[in-house]
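Time to open the notebook and go through this one bit by bit. I'll jot down what I looked up, in the order I looked.

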Amino acid sequence: MTAKSIQQFLAAAKAAVRRGLKSTSGKILLVTGNESADLDSFASSLVFAYLTDSHAQYTRGTLTGYDNIIPMLNIPREEVSLRPELHYVLARLRIPESDIICKDEFLSSIDRSKTDKVDVVLLDHNNLLSDLGDLFGKNVVAILDHHADEGLYNSAEPRIIAPVGSCTSLVVNYFADYFRLRPDEFSVSDEKKDVARLALAPILVDTASLTSKETQEDKDAVAMLMKIISSGIAAASDEQEGYYGELMTAKRSIDSFGLRDILRKDYKEWLEDKGVRVGISSSVKSLAWTVKKFGWNEFKKGIDSWAKERKLDAFVFMDSFQDPREGYRRDLLIAVCSEKGDASVRKFVDAAETEFELEPFSEKDGLDIQNNDEEGLWCFKQLNLKASRKQVAPLIRKFMQE
C-alpha cells in the first residue's frame, strides 16, 4: 500500500483534533517545536511526525504504538498570520493553512485530567516551557535540538542535541535511510519531493544557503535533499539559490506589521528558578528601520507595554539583516524591565559588550540613539555576527539566575 503524503498525514491529524482527542483510548504522540514557531520548528516537527507515522521502518523502533501522532505549531492560531515565510512554504506545498494544528486547538481537544496519555517529542528546543511544560513536562520521550543543552529529560530516546545550523538538519540525518537515494534511484515520487522541499526550507534560511553557521551535518542534509528534489541528478546551484531568495523575500515581508506584531513574531521567553522572567524578540529588519518606522518614543513605549504584558524583568531585541553598504549586520537592544532584574541586566550588559563585540550607535549610522544607564536601556551594533539568540539567551539567563 502506498504511504500517505505529508499533506494527507497533516489533514488526517487535524481532522482528529477537530473531532476531539478526549475520547481517544490509546496514546497520543505530540511533536512540537519551540515557542518562536519559526520555519525550523514548523518543518522539523512536521517532517519528524510524518516519518514516524507513515514511514515507521525508519524510526529505529523507539516511537511506536500511538493512536495519534500530532505535529503542533507552538503558538495560538491568531499568531499564524505573523509568519509570512510559513505562508509561502504552505502555498508551495499546497497545504491549507487551516490544516496546521496550533497550540490552543490541541489543548482544547484533549482531556487535561489525563495528561499521562500524551507523550511529547521536542524539536528545536530541549526544555518544555509554560503551560505545555506544566502539563507534559514529565512526558518528554524524544529530543532533537541545536540549542544549548539544559540537561533535562536524560532518558529521552532519541536525545540528539548538537550545535548545527538548523534543527531540521538533525531530523534529515536521523532519517537518513529515508532521504538517502540509492545510486540507481533516478525517479522519486512527488510526495517525497514535497517532504524534501519542506525540510530544505529552514536549513537554507538558518544557514543563509550554507554560507553562515553551517556545519557538515547541514551540508550533508542539503546534499541529500537536493538530490531528491532533482530526482537523483545533482541540482544546479541556482535552483537552491532561487528557493532561498524566495524564502528570504517572504520572511522579510513585515512592512505592514504593527510594533507589537514585530515584537511577538519571533519571541522566546524563560521563567528562571528565582522567579525572574526574560524575553527575547528577534527581527529580520534593522533597529534603524524599526525606530524610523515607529519613532524612538513610540518604540520605547511599545517595548515598555510588551514588557508589562509579558511581566518581564529583562528584555532583549535582536535583529539580523543585510545592509546595502556594510553587508550582513546585527544589532542588540537590552532593557531593564523591573527592579528585580536591574542589577542582573547591568551585569549582562557589561559581559555582552565584550562577548558579542557591542558598539554604541553614532550619528554616522543614521540612528542618533544615546544609551541611557538611568533608564536601563542600551542599543548597540553587534560586531560578533555569529552570536545569534542561541548564544545571547544562555548568557543573559546565566546572570538572571545568579
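Entry 1: Before anything else I need the word "partly exposed": buried means under 20% relative accessible area, exposed means over 50%, and partly exposed is in between. I also remind myself that this is a predicted model.

**Entry 2: what Asp 342 and Arg 346 do.** I looked at the pair together and found a salt bridge, with the closest N and O atoms 2.7 Å apart. Why can they meet? Both sit in helix α14 (residues 339-355), and because they are 4 residues apart there, about one helical turn separates them.

**Entry 3: the other salt bridges.** How many salt bridges does a search of the whole structure find? I got 28.

Arg 94 and Asp 194 form one of them, and their closest N and O atoms are 2.5 Å apart. Arg 94 is in the loop between α3 (84-92) and α4 (103-109), while Asp 194 is in helix α8, so this pair ties together parts that are 100 residues apart in sequence.

Is Arg 94 buried or exposed? With 54% relative accessibility, Arg 94 counts as exposed. Asp 194 has 5%, so Asp 194 counts as buried.

Asp 194 has another partner in my notes: Arg 197 forms a salt bridge with Asp 194, with 3.8 Å between the closest N and O atoms. These two are 3 residues apart in helix α8, so about one helical turn lies between them. Arg 197 has a relative accessible area of 22%, so Arg 197 is partly exposed.

**Entry 4: strand β11.** Next I went to β11, which spans residues 377-382. I counted 6 of its 6 residues as buried, so β11 is largely enclosed by the rest of the structure.

Which way do the residues point? Leu 377, Cys 379 and Lys 381 point one way from β11, and Trp 378, Phe 380 and Gln 382 point the other way. I noted that Lys 381 is on the buried list too.

**Entry 5: who pairs with β11.** One partner is β9: β9 and β11 pair in the antiparallel sense over 5 bridges. Two contacts along that pairing went into my notes. Ala 335 stands opposite Leu 377 in β11, and Asp 331 stands opposite Lys 381.

Strand β10 (residues 358-360) is joined to β11 as well, by 3 bridges, and these two run antiparallel. There, Lys 381 is the bridge partner of Glu 359. So much for β11.

**Entry 6: β9 and its hairpin.** I followed β9 back the other way. It's mostly covered, with 8 of its 10 residues buried. β8 and β9 pair in the antiparallel sense over 10 bridges, and a hairpin of 3 residues joins β8 to β9. One facing pair I picked out: Phe 321 stands opposite Arg 329 in β9.

**Entry 7: the largest pocket.** Then I went looking for pockets. The largest pocket holds about 780 Å³ of space. It is lined by 38 residues, and the closest to its centre are Asp 206, Lys 213, Lys 251, Ser 320 and Arg 330. Elements giving two or more residues to the lining include α8 (190-206), β8 (314-323) and β9 (327-336).

Which element gives the most to this lining? I found β8, with 5 residues. By class, the lining divides into 11 nonpolar, 12 polar and 15 charged residues.

**Entry 8: the second largest pocket.** Last stop. This pocket has a volume of about 510 Å³. I counted 23 lining residues, and the closest to the centre are Glu 35, Ser 130, Tyr 267, Glu 269 and Arg 310. The elements giving two or more residues here are α5 (130-136), α11, β6 (267-271) and α13 (296-310). The most comes from β6, with 5 residues. The lining has 8 nonpolar, 2 polar and 13 charged residues.

Note on methods: Residues are numbered from 1 along each chain as its sequence is written. This is a predicted model: local features need pLDDT of at least 70, side-chain atom pairs count only at pLDDT 80 or more; totals for chains, interfaces and linings use all residues. Side-chain values use heavy atoms; hydrogens and water are left out. On a 1 Å grid over the protein atoms alone, a cavity is a set of points where a 1.4 Å probe fits but cannot get out, and a pocket is an open set with protein on both sides within 12 Å along at least five of seven lines; lining residues have an atom within 4 Å of a point. Grid points are joined across faces, edges and corners, and a volume is the space filled by probe spheres set on the points. Ala, Val, Leu, Ile, Met, Phe, Trp, Tyr, Cys and Pro count as nonpolar, Asp, Glu, Lys and Arg as charged, and the others, Gly among them, as polar. Buried means under 20% relative accessible area, exposed over 50%, partly exposed in between (1.4 Å probe, protein chains only). Two strands pair if DSSP finds at least two bridges between them. A salt bridge is a side-chain nitrogen of Lys or Arg within 4 Å of a carboxyl oxygen of Asp or Glu.
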